[in-house]
Amino acid sequence: MSSEQYSLTGILRYEWIFGYGFLGYGEPGVTRNLIEAINWPSGCRVLDVGSGLGGPAFLMAREHGARVTGVDLTEATVGLARQRQEEQGISGVDFIQGDIHDLDWPPESFDVIWSRETLLHVPDKEKLFKKFHLWLSPGGALVITDYARRQGRGSDRFEEYVEASGYPLPELDRYARILTEAGFVDVSVEDRSETLADLLQEQLDKLESNKKEFCETFSREDYEYLKGRWQLKFDCCRDGDMKWGWFMGRKTKTG
Ligand SMILES: C[S@@+](CC[C@H](N)C(=O)[O-])C[C@H]1O[C@@H](n2cnc3c(N)ncnc32)[C@H](O)[C@@H]1O
């Protein structure tokens with residue numbers, strides 16, 4: 001992960017494009033859709049891995065009475081998330097600043113493990129998914145949205161982008177296999193790459209039509225950075241090199 005990507009300015013300019021409180025695509029609609037897709041008993045315990053500015057955690061707590069533990073790597077995101085939680089008077093959410101690789105909980109600590117646009121930063125998914133499985137209660141649900149890659153080598157541009165970003169991306173079916181091998185059952189994978197291309201195009205349009213306001217809030221350099229990065233992601237997605245997967249799985253009722 002580059003230090004610039006999730007610096008305070010990096011986060012705020014990402015938030016500008018994703019919407020207040022969010023650093024994931026299609027919000028808050030995608031969070032609501034994913035919550036609907038699983039059995040979500042009121043009061044369930046959620047681990048949100050890469051909780052960002054807390055928008056999804058706040059929604060889960062407010063709309064579903066969930067008790068959420070949000071984990072994020074950077075001080076800047078956790079600091080802002082805590083500040084907003086206080087401003088908005090939201091209870092039932094706790095943020096921990098740390099690297100998910102270094103944290104541990106007793107078995108069966110959570111009913112849902114949730115992670116959006118974060119695990120692209122994790123090289124050893126096998127090891128982490130085994131821990132997720134252990135931390136889930138029997139019958140608990142896993143929900144992930146994440147980037148993946150096409151089968152075989154992609155375009156030079158795409159390969160350079162993922163190498164420079166340090167994204168160890170598996171193919172969609174390999175991703176699902178890793179989940180199954182970690183012990184999850186009812187594993188499903190949805191290829192949502194077309195949705196992602198549409199969302200990226202919408203965001204590019206928003207950036208272009210609000211260029212003046214964006215440059216006044218941030219800077220011309222920030223504008224060029226974001227535009228270049230979003231255009232690259234859009235092109236990689238449209239050309240079929242980059243995939244967006246929605247993954248779900250469960251722990252068996254017998255654990
Ligand atoms: C693209 S943002 C997504 C945030 C949030 N899931 C959302 O949908 O709004 C990815 C987040 O993952 C965090 N992150 C990256 N690697 C991490 C790690 N190893 N452990 C915990 N958080 C991590 C980053 O700091 C960043 O806030």
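Guide: We may begin with a residue in a loop of this predicted model. E117 lies in the loop that runs between β4 (110-116) and α5 (125-135).

Visitor: What is the phi of E117?

Guide: Most residues other than glycine have a negative phi. E117 is not a glycine, yet its phi is positive. The value is near 50°.

Visitor: Is the peptide bond that joins E27 and P28 cis or trans?

Guide: P28 is found in the loop between α1 and α2 (29-37). Most peptide bonds are trans. The bond joining E27 and P28 has an omega of about 0°, and this bond is cis.

Visitor: Are α1 and α10 oblique or roughly parallel to each other?

Guide: Two packed helices are described by the angle between their axes and the distance between the axes. Helix α1 (residues 8-18) and helix α10 (residues 220-238) have axes 11 Å apart and pack at an angle of about 60°. Angles under 35 degrees count as roughly parallel and 65 to 115 as roughly perpendicular. The pair α1 and α10 is therefore oblique.

Visitor: Is the crossing of α6 and α10 left-handed or right-handed?

Guide: Helix α6 (residues 156-165) packs with α10 at an angle of about 125°, and their axes are 10 Å apart; α6 and α10 are therefore oblique to each other. While α1 passes α10 in a right-handed crossing, the crossing of α6 and α10 is left-handed.

Visitor: How many charged residues does the shell around the ligand have?

Guide: There are 20 residues around the ligand, and L23, G50, D72, D99 and I100 come nearest. By class, the shell has six nonpolar and ten polar residues. The charged residues in the shell number four.

Visitor: What percentage of the ligand's accessible area does the protein cover?

Guide: An N or O atom in the side chain of D72 is 2.6 Å from an oxygen atom of the ligand. A nitrogen atom of the ligand lies 3.0 Å from a polar side-chain atom of D99, and a backbone N or O atom of L73 lies 3.2 Å from a nitrogen atom of the ligand. Of the 610 Å² of accessible area that the ligand has on its own, the protein covers 97%.

Terms used:
Residues numbered from 1 in each chain as written. Predicted model: local features only at pLDDT ≥ 70, side-chain atom pairs only at ≥ 80, totals over all residues. Heavy atoms only, no water. Near = heavy atom within 4 Å. Polar contact = N/O pair within 3.5 Å; in protein donor to acceptor, adjacent residues only side chain to side chain. Areas by Shrake-Rupley, 256 points an atom, 1.4 Å probe, with all protein chains shown as cover. Nonpolar A, V, L, I, M, F, W, Y, C, P; charged D, E, K, R; others polar. Axes fitted to C-alpha atoms, helices over the stretch in contact; angles between N-to-C directions. Helix = DSSP H or I, 4+ residues; strand = E, 2+ residues; numbered from the N terminus. Parallel < 35°, antiparallel > 145°, perpendicular 65-115°, else oblique. Left-handed = near helix turned anticlockwise from the far one by under 90°.
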